[in-house]
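Look at the model first, then read on.

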Amino acid sequence: MKRRRDMEIESTEIRSGIEELSMMQLLKVKLVKPDQETDANHQDIHDNNIINSHIPTMPFLSISNLVLQVLDKIGPTMAVLRQDIYQNIQRLEKVHDTDPALYSNMVEILKKEISEGKATKGPSCCKALLWLTRSLDFTFALLQLLAEDLERNMVQAVQEAYTNTLKPWHGWISSAAFKVALKLLPDSKGLITILMGKDKNKDEFKKELRSFISLLAPLLKEIHDVLGAYGVDKLKST
């Protein structure tokens, strides 16, 4: 009975993620200023739009929480990554709660830290956003591989997703921890069955994954653009 409830919850979480991302897109459309496309200097406008982007804080953190749910399904082998994600979410939520109106836009949190010279010092919010985004990159890459082929070997899929996203930024300690975790992953069939949820066939599951992926891609690009514009996109773990 517990297993069946878990499967139903996971399905609802994926749909909730699609709904959350869809709502974020609608919100961003409403926030676009009518005169943003009328200026002749398109490059200046592009750069200015990036710096002044609006990334809804709490919806973004809700999406980040989906990563925790995926890692929970993979099991305790990903405990280190899960703990890191959880702490980064908590760090950003704490700052958001000090002024929910101002910090409803994640970019305002970045501006505050950068103006105070704290962006790259200690456990900053800039670092938290950077690593949450990279964790979403990893999740995006993994789900994209699964959407292409649900029969793909899970160890190989996780390894490929990790190599293309997190590995370039990890130090040797994090990389070593991942190698250990990789050996303890559940089998592909078991994980796919859990992720698909109750009463859902593989074609429906693939369609759901692709919807989530197509909505997540532009958000990740925008965040990377913002992090790059503020010069905090190349930080590595120690």
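Helix axes are lines fitted to C-alpha atoms over the stretch in contact, and angles run from 0 to 180 degrees between N-to-C directions. Helices are DSSP runs (H or I, at least four residues), numbered from the N terminus. This is a predicted model: local features need pLDDT of at least 70, and side-chain atom pairs count only at pLDDT 80 or more. Residues are numbered from 1 along each chain, and side-chain values use heavy atoms, without hydrogens or water.

**Packing of α6 and α10**
- Helix α6 (residues 125-148) packs on helix α10 (residues 202-229) at about 150°, with the axes 9 Å apart.
- That angle makes the pair roughly antiparallel (over 145 degrees).
- Contact means heavy atoms within 4.5 Å; on α6 the contact residues include L129, F140 and E148, and on α10 they include K206, F212 and L227.
- The contact residues divide into 16 nonpolar, three polar and four charged. Ala, Val, Leu, Ile, Met, Phe, Trp, Tyr, Cys and Pro count as nonpolar, Asp, Glu, Lys and Arg as charged, and the others as polar.

**S104 in its loop**
- S104 sits in the loop between α4 (79-98) and α5 (106-115).
- Its relative accessibility is 31%, so S104 counts as partly exposed (between buried, under 20%, and exposed, over 50%, with a 1.4 Å probe and protein chains only).
- Beyond its neighbours within four places in sequence, S104 contacts H54, I55, P56, T57 and H96.

**Two faces of α8**
- Helix α8 (residues 172-182) buries S175, F178, A181 and L182.
- These residues pack against α7 (154-164).
- The face turned away from the buried side carries exposed W172, I173 and V180.

Technical notes: Angles under 35 degrees count as roughly parallel, over 145 as roughly antiparallel, 65 to 115 as roughly perpendicular and the rest as oblique.
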